[in-house]
Every structure is written in structure tokens, then in C-alpha cells.
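Please open the structure in your viewer and keep the selection tool at hand.

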Amino acid sequence: MTQQSRQKEENLKVCVITDNQFIYEQFLILLEEPRYEKESFVFFSSPGNPLCPAKEAGGRTRIGQVDLKHATDDFFGRYDLFLSLHCKQLFPQALVDSRRCINVHPGFNPYNRGWYPQVFGILNQYPVGVTIHEIDGKLDHGPIILQRQVPVYSWDTSLDVYTRIQQLEVELLRESLPVLLSGDYRTFQPDTEGNVNLERDFKKLCRLDPDQTLTWREAIDFLRAMTFQGYRNAYFYDKEGNKVFVEIHLEKEQP
């Protein structure tokens, strides 16, 4: 890093918007490295997201909440760089036009942009991974700075793949944060627009039709895509009208 880039990084005011507890905590650990000025980073979550305790260990300032849709130019002007770490809000055009905005997305763009990319990756056999990209106003869209795939195995559930993705997100942030802050990187555009999945697309998947005909492979892939320990996703109604939740347990035989 050049002296000019280092000075530029030190003078940055960075707004980090996250709705993910794990990523938030891991990012705080990353900022403990001496090369980062922790005071330059201000954290927000989306309205109504009970993300973090009022005060972190060591007396850190509590995380704020911001509704980007109704935020003003005055708020945008306080920061030089905006980082989206699993932020559930779409960045408004006025923000991306006036400030450098970067998204760390738990998907391999342009495939399965939007919600739950690991779920749809299992279902449609598209690549799964992590993409760090500049934000251009569209959902999980914009020039790609860095991306890397994760493997998906036949015994993986959605939780298994998502855990692997989050570990890779932390790894890529650790590797790339200095250049993300300085802006000393090159970007590239994907060859296609890819596909987008919204939250409502996932919710449509959750209700099962017991009379639907599937192969065993299709049924197994569907159930493992919908299995995420701690969440009740797939369900059906029995003949008595009872709502019954379904998940699958997969275990690879050990040698």
C-alpha cells in the first residue's frame, strides 16, 4: 500500500450496516488489528432488528439503526464509504450515486442474487459462494471486486452450506479490507445478469404438496435445501388440518 493510500484509509469515515450477528462480531474482531482505526467505523442495523446488545464488552458505543429509504443527504454525507454486511435494505440510488458503497454478499454473483442464495443453489445447482462488489442500486448487483466459490456436497443441508459461506466471508474480509478501504482494486462485470430470488420466492417453497410427484433425488435435494437447524421452513397440512414441519437428517458414512 502506498503512503497516499494509507493516508486516505486513515482519514476515511466508514458506515457499516449489518443485520447479521455473526458477521458483526467477526468484523469487530478484525478491527482489533493495529492497522485499523476503530473509531473510523460506525455501525448500524436495520430498523426493528434486535442485532446487538446496547453496549459491547469494553464499552463500545451501541450499534445504531438506520432506515436508508428515509435517510437524508446529511446522513449520507457523514461517511466516505458504506459497507453492507448482510444488510437487508436496498441501498437508495441517491446513496450509491454520491458515495462508494460495497456489499459483501453470501452468494456467487450473478447466480441466485437476492435472498437465501444457498437454498436456491442447492435446488438449481448453480454456483454458491461469496461476492464482494460495488453497489449500483440493483439487488446484489454491480461491479465485482472479489468472489470465491464454496463446495456443496450431497450430504449438506442449507445450514451446512451457509456456515461454510460465512466462514469464507470472514476470510475474504480479512484478506481484502485494506484494499476495500483504500479503493486500490479493480472490478469486473459478470457475463450475464444471472437470476434473482426474493423472500416471497422462498416462502412459496415452504408449503409442500404431499401429492406432488418427485424423484428421490429431487425430494432429497429439496428437503436438504430447506433444512436449517433452528428454523421451521418446509411444512404440509395433513388430512386433519394439522400443520406439520419437515426437515431432513443427512450423515456421510465415515471410513
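Begin by selecting Leu146, which lies in strand β8 (residues 144-149); helices (H or I, at least four residues) and strands (E, at least two) are DSSP runs, numbered from the N terminus. The model is a predicted one, in which local features need pLDDT of at least 70 and side-chain atom pairs count only at pLDDT 80 or more, while totals for chains, interfaces and linings use all residues. Residues are numbered from 1 along each chain as its sequence is written, and side-chain values use heavy atoms, with hydrogens and water left out.

Contact here means heavy atoms within 4.5 Å. Then select Phe188: 42 residues separate Phe188 from Leu146 in sequence, and their C-alpha atoms are 8.9 Å apart in space.

Move on to Val150, in the loop between β8 and α6. Val150 has a relative accessible area of 8% and is therefore buried. Apart from neighbours within four places in sequence, Val150 is in contact with Val128, Gly129, Arg164, Ile165 and Leu168. Val130 is 20 residues from Val150 in sequence, with a C-alpha to C-alpha distance of 7.9 Å.

Now turn to the interior. In soluble globular proteins, nonpolar side chains tend to be buried together. A nonpolar core is a set of buried Ala, Val, Leu, Ile, Met, Phe, Trp, Tyr and Cys residues joined through side-chain atoms within 4.5 Å. Select Phe27 and Phe43, which touch the most other members of the largest nonpolar core, a set of 45 residues. Helix α6 (residues 158-182) supplies the largest share of this core, nine residues. Around Phe27, leaving aside neighbours within four places in sequence, show its contacts Val16, Phe41, Phe43, Leu83, Leu85, Leu173 and Leu177. A second, separate core has 16 residues, among them Ala71, Phe75, Phe91 and Cys101.

Finally, view the whole protein chain, with its eight helices and 11 strands. Of its 255 residues, 45% count as buried. The C-alpha atoms fill a box of roughly 65 × 40 × 35 Å, taken along the principal axes.

Terms used
Buried < 20%, exposed > 50% of the residue type's maximum accessible area, 1.4 Å probe, protein only.
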